[in-house]
Amino acid sequence: MVYLTRKVEFSASHLYHNPDFSPEENRRIFGKCNNPHGHGHNYVLEVTIAGEPDPRTGMVLDLKELKDILQREILDRMDHRFLNYEVPELAGKIPTTETIAMTIWQLLEPRINNPGHRGQGRLHRVRLYETPDLFVDCIGNGQ
Amino acid sequence: MKVILHRRYRFSAAHRLHQPGWSPEENRRVYGKCANEHGHGHNYVLDVAVTGPVDPSTGMVTNLADLDTYVGSHILDEFDHVYLNEQVPAFRSLVPTAENICRVVYDRLRAYPHARLAAVGLEETGANSFEYAGEFREND
């Protein structure tokens, strides 16, 4: 098995607020992230594909295809956006690093685990850095 | 899909790699410069990885404030700016290699109440890093 990782960056704003909580509870649980005007991060996304290289091409997955998928599914959706209001998949959710990483997994999995691609690679891990000191991994079941 | 949250912390500490049961020559042969009797120090980077269900009301595996407080009181308050061999009781009888520091940290954090500890990583320098997720017990 060979693991291939591609890294992309996007910048976006967000805020944490649960309308079911009181204003005091929101501040207590979410702290500074509850600021109603939002704040932003430079997110770094690492997407790891696992598979055996195709004997004809030597590739786990065509990097050009992976680059196009990441551009279309993630960067076009999330880069320079206010995540709470401008990304339909995050509407009504708390856009924590966990939630964004899980959403990215759900967006990528059907595109990458697609037998039509050149290469048999499958989505293995989504790693999303909110800062260099805080990041989340999503790993497929059974991996 | 499994979700693992990683949080990195920093502490700076001195240590010395030395086995009291060995001769000075043997210690120098095995541990090299790290056996220097006055010790030396590192800027350690600690990676704490926890896993569990994401609470839909908060979007979180664990509240970072809880994790920061727990790691602060269980590790950083005791490990930062000290001589590990002399000032952390676990290392009076256990040589404080990065491997053993990982094992002691893992054991101390395993009872974290808000999520399951998945692994502990430790960078001793930019070139050397270690990871542990196992059964070590500090007081055995």
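Predicted model: local features only at pLDDT ≥ 70, side-chain atom pairs only at ≥ 80, totals over all residues.
Local features rest on residues with pLDDT of at least 70 and side-chain atom pairs on pLDDT 80 or more, while totals for chains, interfaces and linings use all residues. Residues are numbered from 1 along each chain as its sequence is written, and chains are lettered from A and ligands numbered from 1 in the order in which they are written.

Chain A contains 4 helices and 5 strands. Helices (H or I, at least four residues) and strands (E, at least two) are DSSP runs, numbered from the N terminus. Along the sequence, the elements of chain A follow the pattern β-α-β-α-β-α-α-β-β. The C-alpha atoms of chain A occupy a box of roughly 60 × 30 × 25 Å along the principal axes. Chain A has 143 residues, of which 32% count as buried. A residue is buried if 20 or more other C-beta atoms lie within 10 Å of its own, exposed if 12 or fewer, and partly exposed in between, with C-beta atoms placed from the backbone. Of the contacts in chain A between residues at least 6 apart in sequence, 70% join residues at least 24 apart. Two residues are in contact if their C-beta atoms, placed from the backbone, lie within 7 Å.

Chain B has 4 helices and 4 strands, arranged from the N terminus as β-α-β-α-α-α-β-β. The C-alpha trace of chain B spans about 60 × 25 × 25 Å along its principal axes. Of its 140 residues, 26% are counted as buried. Among contacts in chain B with a separation of 6 or more, 68% come from residues 24 or more positions apart.

Strands of both chains form an open sheet of 9 strands with mixed pairing, in the order 3(A)-1(A)-2(A)-4(A)-5(A)-1(B)-2(B)-3(B)-4(B). Strand 3 (81-82) of chain A and strand 4 (129-132) of chain B stand at the edges; each has a single partner strand, so one side of each is left without a neighbour in the sheet. Two strands pair if DSSP finds at least two bridges between them.

Within chain A, strand 2 (residues 39-51) and strand 4 are paired antiparallel over 7 bridges, and Ala50(A) has Arg122(A) of strand 4 as its bridge partner. Strand 4 of chain A is also joined to strand 5 of chain A by 6 bridges, again in the antiparallel sense. These two strands form a hairpin with 2 residues between them, and Tyr129(A) is bridged to Phe135(A) in strand 5. In strand 4 (residues 122-131) of chain A, 7 of the 10 residues are buried, so this strand is largely enclosed by the rest of the structure.

The sheet passes from one chain to the other where strand 5 (residues 134-139) of chain A meets strand 1 (residues 2-15) of chain B, the two running antiparallel and joined by 6 bridges. Phe135(A) stands opposite His6(B), and Asp137(A) stands opposite Ile4(B). Helix 2 (residues 64-79) of chain B packs on the sheet, where it touches strand 1 and strand 2 (40-51) of chain B. The direction of this helix makes about 25 degrees with that of strand 1 of chain B. Axes are lines fitted to C-alpha atoms, for helices over the stretch in contact, and angles run from 0 to 180 degrees between N-to-C directions. Helix 4 (residues 98-109) of chain B also packs on the sheet, touching strand 2, strand 3 (116-123) and strand 4 of chain B, and its direction makes about 155 degrees with that of strand 3 of chain B.

The contact between the chains takes 22 residues from chain A and 16 residues from chain B. On the chain B side, strand 1 gives the most, with 7 residues. The residues of this side divide into 8 nonpolar, 5 polar and 3 charged. Ala, Val, Leu, Ile, Met, Phe, Trp, Tyr, Cys and Pro count as nonpolar, Asp, Glu, Lys and Arg as charged, and the others, Gly among them, as polar.

In strand 2 of chain B lies Val45(B), which is partly exposed, with 18 other C-beta atoms within 10 Å. Not counting residues up to four places away in sequence, Val45(B) touches Arg8(B), Arg10(B) and Glu123(B).
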